[in-house]
Amino acid sequence: MFYNQMFFQLVKRNSRRNRKENGLFFASLLISIIAFYIILSLAHQDVMLFLAKMESDAVNRLMSLIPAFYGASLVILFFLIYYAGKFQLERRRHEFGVCLMMGMRRSRLFAMLLAEDVRNSILAILIGIPAGVLLCELISLVTAKCVGLGIIGHRFSFSIQAAFWTAAGFLLIKLAAFLILSGRITRQEIASLLTDTPEGTKKQLPAPVYAAALAGGLLSLAGAYTMAIRGFSWRRMPQMGLTVGLGLFGTLLAFFGLRFLIGYFAEHAKKDQRLHVFNFRQIQETVIYRSTSLAVSSLLILSSLACFGSGTAIAYYYGQSETHILDYTFVEEWADDSVAASGSMMDTVKSTLAAYNLDGQFAHLFEMKIGRIQTTGSYGHAFQMDSVQSAIAGMGPSDAKRVLLNNLSYADTPHLIPVSCYNKLLAIAGMPLLELKGQEAAVYMDLGTATQAQIRLMDQVLADRPKVLLNKDAYHLTGAVQTARVTTDRSITLSFALILPDDAFAHYTKDEYSVYINGVLNLPNKSGSLLAAIADTNSLLDQTGLPYESYLQNMGRRLFYVVAASYITIYLAVIFLIIANTFIGVQFLMGQQKTGRRYQTLIRLGATYEILCQSLQKQVLWYFGIPSVIAAISSLFGVRALFRGLLSYDMQDNILQLLFISAAMILLLCVVEYVYMAVVKQISRKYLLTLMTPTREE
């Protein structure tokens, strides 16, 4: 009984010591558990529950990808746990040897290590899952607020299934890594455990070989990014495979060739700097032994930066890309013809809303008339704008110019909009009203079919008030291109339309036009949830029989892109980042421990603790800096390549703005890199402090 009590006390003490000495690794495990729970509980988030009502197919496809992300993350995390656990056990080799010499059975040693690992794993789960639940609720509230859902209807949610799979997956990979590592350590002989095993040497190649490898790696990376940015890689799967292969090969080759640069710095060291040559020789040896692991870490950091930068930029764009003005559009496709025949469309809508006590739901109801030219039988040449096309053709070459000219070649029968209807829309939006004289017209282009670059080209032409022919009548196009959506119905997309004075509109349409009733909700509480209000109004309008389209129905896809881009990419970024940085940190600490005798020799030669700490800081800076800087530089090209393949054509003109957003996110993650470096420096300083006391070597 006493023996068992002592055993559990020893397990408790060792577990506490392991968490203290390996705080970086334990914190990484906590972050992984939190990330696992958040991504697995995504289906219970307010936004996803809301989206499931509108975009059920897209949401279901996203949910079907979650197990794949989870499984891949577990595989990657297994290798992190394996190498970090190997470092922890290597540090305690002498302790295990002493335990065996004191009479502890190997089975007892195995049980002790298993108990320590289980204790720390359970503690990590007990801390990580509640933290994940709280963070999940916070994210749900913030996301709901940002996308307009509001927080009034929020309900606390806890996913038992997500918690179970988080704990099960984490314990599974921890147990697998432990069985492999502990089995190896407990089978070793006592003499082997009590003796430090220095890392073997590797054959050095001539410096020109490393220089050639570095040059070849950089050329391979340049080729990979060129193909991705130009869009060559996104055409077919073999081309994408070639690009990825060149990128991986180039990274591995470049890190192999870094020995040339580090060797050059070591040979041309300044003699007045303390331990300068020693520092670079340490880094050179590290790169020689672990160039592949550093390359893999750099690729993981690159993946993290690219995911986080591109994901947040795309989510931001979809969240900000459209100005919301209208909440509803009532169409004239009536289910009951007798209702439509009872009067004008506006009267029908108002009377129906009043009959169901819904007339107070809307602050604005107004007509939007859209027609075609009816004054000629030859629609192919009803509208001619040769002067506009000539002016655009004379501009510099660009993709926007080419596409715009092609689109305008089909705009010989444009839609027509009366200026009075469009001005009502502008007035509600708080935008300047249009003023058109008798022979003037304004141009309308929907942002769903025209890019910002095309709009800018058109604005340059309109600044000169070009002359056009509308059914052989001369008109001058004036003002800037108008882009405010005329209805909420996405099926009504006007690629090119003319806004005319009301009398001209009536003349050319011969009073034959479609009428849409646009509505804006009456929201006294501006801080309330717009989307929730639209959802509630939808349920009421469904009872009236009025056919309508709402902003809610047509923005579901865009909202889905925001949520999918933000959640998935940030999750992958966090997983890749903590794995890469923890792996680099563990590798550095393992290397420092294996070269501990060198530091003891420096201490005997008179090196002070402060000098050794300065040397250590430079080594950490180089060791973390090499893969991080390469990844940060590569991420700019990687994000640009992702934009080339993932963004729709209408978003391509905003790449510069998105790149700035991505660069800001990359800088944010670089701050996280600095935090990891500071933690590793602190752990290394503590290790150096243990070496300052001279020990006898028997």
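Here is a short tour of the charged pairs and surface patches in this structure. The model is predicted, and the count of salt bridges comes to three. Side chains of opposite charge can pair when their charged atoms come close.

**Salt bridge between two helices**
- Asp117 pairs with Lys174, with the closest N and O atoms 3.0 Å apart.
- Asp117 sits in helix H6 and Lys174 in helix H7, so this bridge ties together parts that are 57 residues apart in sequence.
- Both partners are tucked away: Asp117 is buried at 17% relative accessibility, and Lys174 is buried at 8%.

**Salt bridges involving loops**
- Arg465 and Glu440 form a salt bridge whose closest N and O atoms are 2.6 Å apart.
- Arg465 belongs to the loop between helix H17 and strand S6, while Glu440 is in strand S5, so the pair links parts 25 residues apart in sequence.
- Arg465 is partly exposed at 35% relative accessible area, whereas Glu440 is buried at 10%.
- Asp446 bridges to Arg485, with 2.9 Å between the closest N and O atoms.
- Asp446 lies in the loop between S5 and H17 and Arg485 in the loop between strands S7 and S8, so parts 39 residues apart in sequence are tied together.
- Asp446 is buried at 3% relative accessibility, and Arg485 is buried at 14%.

**Surface patches**
- Val629, Ile633, Leu636 and Phe637 make a nonpolar surface patch of about 370 Å².
- Val629 is in helix H22 and is partly exposed, with a relative accessible area of 48%.
- Lys86, Arg184, Arg187 and Lys594 form a positive surface patch.
- Lys594 is found in helix H20 and counts as partly exposed at 35% relative accessibility.

Definitions and conventions: Residues are numbered from 1 along each chain as its sequence is written. This is a predicted model: local features need pLDDT of at least 70, side-chain atom pairs count only at pLDDT 80 or more; totals for chains, interfaces and linings use all residues. Side-chain values use heavy atoms; hydrogens and water are left out. Patches are made of residues with over 30% relative accessible area and no salt bridge: like charges are joined within 9 Å, nonpolar side chains (Val, Leu, Ile, Met, Phe, Trp, Tyr) within 5 Å. Accessible areas come from the Shrake-Rupley method with a 1.4 Å probe; for residues, only the protein chains shown count as cover. A salt bridge is a side-chain nitrogen of Lys or Arg within 4 Å of a carboxyl oxygen of Asp or Glu. Helices (H or I, at least four residues) and strands (E, at least two) are DSSP runs, numbered from the N terminus. Buried means under 20% relative accessible area, exposed over 50%, partly exposed in between (1.4 Å probe, protein chains only). Lys and Arg count as positive and Asp and Glu as negative; His and the chain ends are not counted. The place of a charge is taken as NZ of Lys, CZ of Arg, CG of Asp or CD of Glu.
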